[in-house]
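Subject: Structure for you to look at

Hello,

Here is the structure we talked about. Please open it next to this email and follow along.

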Amino acid sequence: MKKSIVSLILASTMCVGFAGAKTLATVDGIAITEKDFDMIKQRVPNFNFNDLDKNQQKALVEQAINNILIEKEAKKEKIQNSADFKSAVDAFEKQLLVELWAKKQAEVIGKTKIPDAELKKYYDEHKQDFVQQEAHARHILVKTEEQAKKIISELNKTPKAKVEAKFIELANKESIDPNTKNTQNGGDLGNFQKNRMDPEFAKATFDLKPGTYTKTPIKTQFGYHIIYLIKKNDPVTPTFDQAKRTIEDILKNKEFEERMKNKINELKKSAKINIAS
């Protein structure tokens, strides 16, 4: 995560010169402070400059220095007067207005209080959606159903005691999953929650008994899978109190989507819209 934070800022333009914060460097009298990195929090809410290691802090400061130098040079070349610059600023301004308006609507909804009775009603009607169950599995991903059936056929010929070893061998050889190809990990997916996976994939996985594999190809948006289940735990249903915060978020998200949809429909009614055929 911390590495990705550095990557974010390397591609960003720094805003500099905040008062009252610790100065990390200066460039021609322009101060670079910890406040200059607050913009990262828009994408990474838990970001804290002081939590980074020294090399990551140094990388951010170096990039801030580079940005100031490039900005000064760009102004000398009057890039700010170019048509490309003005077009980019205009496009950014329009997008920012949209995002801030949507954020304002979300903040209003975020402050609303949903009655416990409504939360409880949703819990009772969707209790199955909150069931938590974890599994540890492997998979082989291929492009066609024919390829998947061929792999299953090979597994069917393998003695039960050697099936997982054979599965690992075939995964490393045949799977198009980038993680498997790059790490040769035998298609190991690690531990995962049922509700975190594609529905078809999840159902097929949790229907298996440990030590068995799917006897028919499982189709998802990624291709065709053969799944081997290593282990799974018993399903656990959280209590209402445990699920309450999640339910509140779900209902507020629904309210936000509904509000946005209704508002946009209202705006469309009063606007002259022509769509070219």
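Which residues are exposed on the other side of helix 6? They are Ala-165 and Lys-173. Exposed means over 50% relative accessible area, buried under 20%, and partly exposed in between (1.4 Å probe, protein chains only).

Before the rest, some ground rules. This is a predicted model, where local features need pLDDT of at least 70, side-chain atom pairs count only at pLDDT 80 or more, and totals for chains, interfaces and linings use all residues. Residues are numbered from 1 along each chain as its sequence is written, and side-chain values use heavy atoms, without hydrogens and water. Helices (H or I, at least four residues) and strands (E, at least two) are DSSP runs, numbered from the N terminus.

Back to helix 6. Its buried residues are Val-163, Phe-167, Leu-170 and Ala-171. They sit on the same side of helix 6, because they cover an arc of only 105° around the axis. That arc is taken from the directions from the helix axis to the C-beta atoms. These buried residues pack against strand 3, helix 5, helix 7 (178–183) and strand 6. Contact here means heavy atoms within 4.5 Å.

Four strands form an open, antiparallel sheet in the order 4-3-6-5. Strands count as paired if DSSP finds at least two bridges between them. Strand 4 (188–193) and strand 5 (218–220) are the edges, each pairing on one side only. Strand 3 (residues 134–142) and strand 6 (residues 223–232) share eight bridges. There, Ala-135 stands opposite Lys-232 in strand 6.

Best wishes
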